[in-house]
Amino acid sequence: MKKVIGMGEIMIQMNPVEKGALKYQTLFERHVAGSEANIIIQMQKLGIQTSFITSVGEDQFGEVVISTLRSEGTDTSGVKVDPEHPTGVYFVQRSYPIPKKTKVFYYRKGSAASFLSQEDIDESIFEDVDLFLVSGITPALSEKCRNAALKALEICERKRIKVAFDTNIRVNLLQNRQKALDTLLPFIQRAQILFTGIGDLYFLFESDLASSIENIKKIAERAELLVIKKGEEGAMCLDLNSGKSFEHSSYPVEVIDELGAGDAFDGAFLAAYLENYSVKECLKFACAAGAITVSLKGDIEPLPSWRDLELFIEIFDK
Ligand code: KDG
């Protein structure tokens, strides 16, 4: 069985029962979510053995985060419980003011995860690991977090563990293009599998897709696969070893909550990659997982199994 470790912040997601402006919402569903954890849980649901590194508050929400990871089968020996800082929370606003678009409001400043430090990275859990996964959110949370993620990269270098990185730019954490480039550079340089999106590429390089791809390729010195998510236009993957490029269109589904779709995409792509599927098939499973996830609220609950993916693809590819 392939083994993967992820690292990042997991928060409580408050998702309103109804669509519309947040200030008028009175009824909320409580979910648990966080980009890297969503990716890891997608992989766990697809038969990969997973562990997660994070820190949660010594509070009710921290308990929910840990029990969610455990109930999905992810190992929590890398999860710290911080008595001094709380578990982060965020609120979702769906379909307002732009129909089908989601906006998030974070209450994560000073959260337990943002105090994760190098000392919290226990090298022993990297034993026999095939892949380490992190995204641009974690190094953007704080300098401490960035150093913790850099320590994980160092361990991967020594143990020859592959790295998957998603640029996952959160403008409210990274502010501007230069800060984003400076913060993310070592991660983009180190990743063998690099995920990004058209929005992130535009934010980083302020140019058209073709020139942005050339720009990121220059930085991504060790990338074997460059995967670009294009939202409603589907996705593409450049196999930088063979020079071949692959595309897959998106599946036409009703969008209920677009949050977490990119994570489901990454998780399914990586699980398929670790199971030695072709790049073309990895893209197909990834696009299907993304589509299934936008059809429901919550980031973790809609993540599909192999059986779900096969059923979905059978119907939509008919
Ligand atoms: O990828 C979905 C995420 O945006 C969400 O679950 C919360 O991790 C999160 C973040 O930082 O936005």
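Predicted model: local features only at pLDDT ≥ 70, side-chain atom pairs only at ≥ 80, totals over all residues.
Biologist: How many residues does helix α2 have, and how far does α2 reach from its first C-alpha to its last?

Modeller: Helix α2, residues 60–72, has 13 residues and reaches 19 Å, close to the 18 Å expected at 1.5 Å a residue.

Biologist: Which residues of α2 are buried, and which are exposed?

Modeller: Start with the general idea. An α-helix has 3.6 residues a turn, so residues three or four places apart point the same way. In this structure, G62, V65, I66, T68 and L69 are the buried residues of α2. Seen down the axis of α2, these buried residues fall within an arc of 155°, so they line one face of the helix. Q60, S67, R70 and S71, on the other side of α2, are exposed.

Biologist: What covers the buried residues of α2?

Modeller: The cover includes the strands β3 (28–33), β4 (49–57) and β5 (79–82).

Biologist: How should I read the sheet, and which strands stand at its edges?

Modeller: Strands of a sheet pair through backbone hydrogen bonds, either parallel or antiparallel. Here nine strands form an open sheet with mixed pairing, in the order β5-β4-β1-β8-β9-β10-β11-β12-β13. At the edges stand β5 and β13 (244–248), each with a single partner strand, so one side of each is left without a neighbour in the sheet. From one strand to the next, the twist averages 15°.

Biologist: In what sense do β1 and β4 pair, and over how many bridges?

Modeller: Strand β1, residues 3–7, pairs with β4 in the parallel sense over five bridges. In this pairing, K3 stands opposite Q49 in β4.

Definitions and conventions
Residues numbered from 1 in each chain as written. Helix = DSSP H or I, 4+ residues; strand = E, 2+ residues; numbered from the N terminus. Expected span 1.5 Å × (residues − 1). Buried ≥ 20, exposed ≤ 12 C-beta atoms within 10 Å, placed from the backbone. Arc of directions from axis to C-beta. Contact = placed C-beta atoms within 7 Å. Pairing = 2+ DSSP bridges. Axes fitted to C-alpha atoms, helices over the stretch in contact; angles between N-to-C directions.
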